[in-house]
Amino acid sequence: MFVLRPLLLLLLPLCPGPGPGPGSEAKVTRSCAETRQVLGARGYSLNLIPPALISGEHLRVCPQEYTCCSSETEQRLIRETEATFRSLVEDSGSFLVHTLAARHRKFDDNPDPGGCPSLCAGPGDWKKCGQRST
């Protein structure tokens, strides 16, 4: 869930709220000023963001109702989200690989005394299987 939080915070201003219904007329006629301000601060061109709500029927990720999200904005959001997700997965995967490699080295350096009894026929064979003689 923490991985998706930046995406949700980015998409939230694009959602106009409840659709048409009793008492929602003010929501439908809302301008996209707030969205333009938020995305403009993130480096988006204001030319990509409509000044008023548009139909989102053609969109895949942004709301398909009335929205402040244009096709170009949606494509940029998708690219940024993919890059962020890919980076997070690579960072997590790198940590996991390093952790497993370190534990593997530690195991090789200090094998368990009872590690391979079936390979050790007697006390003379203990060095071959990595056990310490007692």
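To begin, is C32 buried or exposed?

A: In this predicted model, C32 has a relative accessibility of 0% and therefore counts as buried. The secondary structure consists of four helices and two strands, which follow one another in the order α-α-α-β-β-α. Of the 134 residues, 22% count as buried.

A search of the whole structure finds two disulfides. A disulfide is a covalent bond between the sulfur atoms of two cysteines. One of them joins C32 to C68, with an S to S distance of 2.1 Å. This pair links distant parts of the chain: C32 lies in the loop between α2 (25–28) and α3 (33–41), while C68 lies in the loop between β2 and α4 (71–109), 36 residues apart. C68 is likewise buried, because its relative accessible area is 0%. The torsion about the S-S bond of C32 and C68 is about -90 degrees, so this disulfide is left-handed.

The other disulfide is formed by C62 and C69, whose sulfur atoms are 2.0 Å apart. Here the torsion about the S-S bond is about 50 degrees, so the disulfide is right-handed. Both C62 and C69 are buried.

C69 also has a polar neighbour in T67: the backbone nitrogen of C69 lies 3.2 Å from a polar atom of the T67 side chain. T67 belongs to strand β2, which covers residues 66–67. With a relative accessibility of 0%, T67 counts as buried.

Terms used:
Residues are numbered from 1 along each chain as its sequence is written. This is a predicted model: local features need pLDDT of at least 70, side-chain atom pairs count only at pLDDT 80 or more; totals for chains, interfaces and linings use all residues. Side-chain values use heavy atoms; hydrogens and water are left out. Buried means under 20% relative accessible area, exposed over 50%, partly exposed in between (1.4 Å probe, protein chains only). A polar contact is a pair of N or O atoms within 3.5 Å; within protein, one must be able to donate a hydrogen and the other to accept it, and residues adjacent in sequence count only if both atoms are side-chain atoms. A disulfide is a pair of cysteine sulfur atoms within 2.5 Å.
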